[in-house]
Amino acid sequence: MAEAAGLYGRLNGSSTRGFLAYVAAGAACAAVLACYVISAAEPGAGDGGGANGGLRLSSRSARVWPDLAFNWRVVVATIVGFLGSAFGTVGGVGGGGIFVPMLNLVVGFDTKSAAALSKCMIMGASASSVWYNLQVSHPYKEAPVIDYKLALLFQPMLMLGITIGVELSVIFPYWLITVLIIILFIGTSSRSFYKGILMWREETRILMETREREEQSKSACAASDVVIDPSYQEPLLSQPQPKEKSALETMLFNLRWKNILVLLAVWSCFLVLQVVKNNSQSCSTVYWVINILQVPVAVGVFLWKAIQLCRESRARRMNGNWESVCEASVEWSPAQLIFCAFCGLVGGTVGGLLGSGGGFVLGPLLLELGCIPQVASATATFVMMFSSSLSVVEFYFLNRFPIPFALYLICISILAGFWGQFLVRKLVVVLKRASLIVFILSSVIFASALTMGIVGTEKSISMINNHEYMGFLDFCK
């Protein structure tokens, strides 16, 4: 088991420079394309004034809420929602990239309502997955399967990034959001798929070596032919065996109330700030003050946890203890922590732009840091539960989604999240291949990139045909 647990740390040693270069090159290409499109579609050229007005209308489109009734659209939404929630939570990515296009194109919701309902589905699936993960033990050691230290490190920056993403979604044209998300999703999907292949090969090698040792052990026992006196068999058989924990005992062990209370405090601070901001006039002094106040809250909690990790890691190294302070098999340094803060912001920004929980970046990132797939999935889902529930409460006060439809989709997601975790975890135990979780993560991200690409291309072509303005929008108008 120790060998199996260590393989993920060894795989983490592979360089990520190629992936970062890919993301940087893709972002640069998107920036160049944006400059070209904006220069070619100035709102003052020709009938640009009318086009700009048309885009403002389409950007802030009228609310469309279909009725909850039994028809083929609801059936398709149920099937896609169940499968997306099941596989999305197993991979630790949520599934917002699938839910938003499905709710928009199939069911008929407007884009903003679809994003809000997507958050509801992610919240339901994440909550049931967290409930399931609290009742299972760590596969390799006596520790919670949820890494609370990493959750505290990433949650504040993820929530701050979601706020930034929501603000940028008002300014950025739809085609640019689509291009950026496709570039990111294809990169993270390819990287995760590559890591899954490496894990699969390493697991195959370990399984073959284990079988060979078992066969050698059996051959040695058969050759020795040791006969045990029956009088000694009873004491040998009656030796006390280690007691397995019940589901309740495992849950109590997995709960870390101090860390949970800190996460709830951060969640509450962001909720209060968001509610006050939404009740203030857009672009007013109060609006910007509330926006700025979210930065010290997020950065303060992040720095508190980052300093703890650095100090604990340094103290262990000085004592000759090379065991990681958390599930991530990296030596925490200021450069590593800055990188994690940046990735948390990017993940949250993508979540705000797309209407997801930010798991599309957090899940692959935890794997990149060396977490085993079970811990990466459980921790990413735990963090998404907080970020998505914050958005759901905020959208509820803003009346962004119909309550009956939201409750129906939440129920579907709760069932899907639990059974998805149950079946896949059982399959991992039987096959002894945790790489299955990585392949599921990669597949969900790729499916999201595919659906976002189809929807984005269709909408962009429609905007071009209608001569709509495709540049950046004014945030305060």
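I started with confidence: the chain's mean pLDDT is 78, and 79% of its residues reach 70 or more. pLDDT is the predictor's confidence in each residue, from 0 to 100. This is a predicted model, so I note that local features need pLDDT of at least 70, side-chain atom pairs count only at pLDDT 80 or more, and totals for chains, interfaces and linings use all residues. Residues are numbered from 1 along each chain as its sequence is written, and side-chain values use heavy atoms, without hydrogens and water.

Helix α3 (residues 48–59) has the lowest confidence, with a mean of 42, and helix α16 (residues 403–431) the highest, at 89. Helices here are DSSP runs (H or I, at least four residues), numbered from the N terminus.

Then I went for the rings. I found eleven aromatic pairs in the structure; rings of Phe, Tyr and Trp (its six-membered ring) pair if their centres lie within 6.5 Å. Tyr132 and Phe418 have ring centres 5.5 Å apart and planes at 85°, so they are edge-to-face (planes over 60 degrees apart; under 30 is stacked, the rest tilted). Tyr132 is in helix α6 (residues 111–133) and Phe418 in α16, so the pair ties together parts 286 residues apart in sequence.

Is Tyr132 buried or exposed? Tyr132 counts as buried, at 9% relative accessibility, while Phe418 is partly exposed at 27%. The cut-offs are under 20% relative accessible area for buried, over 50% for exposed, and partly exposed in between (1.4 Å probe, protein chains only).

Last, I noted that Tyr132, Phe418, Trp419 and Phe422 form one aromatic cluster.

Note on methods:
Helix = DSSP H or I, 4+ residues; strand = E, 2+ residues; numbered from the N terminus.
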